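Visitor: I'd like to go through the aromatic rings here. Can you show me the model?
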Amino acid sequence: SVGADQVRCLIASRSLSKTPAFTEHELQANLTERLDPLRECLHEMLGWLDKFDPSKDGVLPKNMKAFDRWALSRLNGVVRAAASGYRQCQFHDVLDACHDFFLAEIKNRYWPVASRVIQYNKPKDPGRLSAQSALRVLASALLRMIAPICPATAEEGWQHLPGAKEK
């Protein structure tokens with residue numbers, strides 16, 4: 001069955017200048033290509049934040065390892081692109097920015113390194129805490145950017161994001 005977030009995601013993935021009609025096949029393809037990969041990426045990030053308490057163990061960006069700071073510096077451009085997309089009611093631009101960044105940059109470049117640092121270092125290791133702090137910022141940003149389009153997905157993510165959940 002198709003949920004409300006899936007339909008919103010499909011509609012948001014289209015330019016408003018195009019015909020809004022879509023087929024069941026387009027809906028399924030959109031889920032496979034757009035929403036499911038973002039959900040999986042979010043699920044992975046939240047999984048590595050299990051037992052992480054940002055109020056006790058969080059690392060400020062200026063104190064993070066260089067690779068973690070790199071990921072956050074790249075995030076700033078995505079946030080700007082998403083804000084511009086929302087201002088112009090170009091929701092497909094928001095989804096494109098999130099999809100491209102989180103799947104190309106984070107999952108393919110940052111994630112392989114960060115996951116190893118988290119997996120193989122002790123819980124209080126500075127490198128691990130730096131990576132977890134960066135992942136928390138990334139997950140929080142993704143949730144904020146997709147919330148207007150996929151509120152149920154965002155709300156579910158907020159339930160699992162460690163630390164203060166100011167909305």
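Visitor: Is Phe67 buried, exposed or partly exposed?
Guide: Phe67 is partly exposed, with a relative accessible area of 30%. Buried means under 20%, exposed over 50%, and partly exposed in between, using a 1.4 Å probe and protein chains only.
Visitor: What should I know about the model and numbering?
Guide: This is a predicted model, where local features need pLDDT of at least 70, side-chain atom pairs count only at pLDDT 80 or more, and totals for chains, interfaces and linings use all residues. Residues are numbered from 1 along each chain as its sequence is written, and side-chain values use heavy atoms, with hydrogens and water left out.
Visitor: How many aromatic pairs does the structure hold?
Guide: There are five aromatic pairs. Rings of Phe, Tyr and Trp (its six-membered ring) pair if their centres lie within 6.5 Å; planes under 30 degrees apart count as stacked, over 60 as edge-to-face and the rest as tilted.
Visitor: Why is the pair of Phe67 and Trp70 stacked?
Guide: The ring centres of Phe67 and Trp70 are 5.4 Å apart and the planes are at 5 degrees, so the pair is stacked.
Visitor: Where do Phe67 and Trp70 lie?
Guide: Both lie in helix H4 (residues 66-87), three residues apart, about one turn of the helix. Helices are DSSP runs (H or I, at least four residues), numbered from the N terminus.
Visitor: And Tyr110, buried or exposed?
Guide: Tyr110 is buried, with a relative accessible area of 0%.

Note on methods: Helix = DSSP H or I, 4+ residues; strand = E, 2+ residues; numbered from the N terminus.
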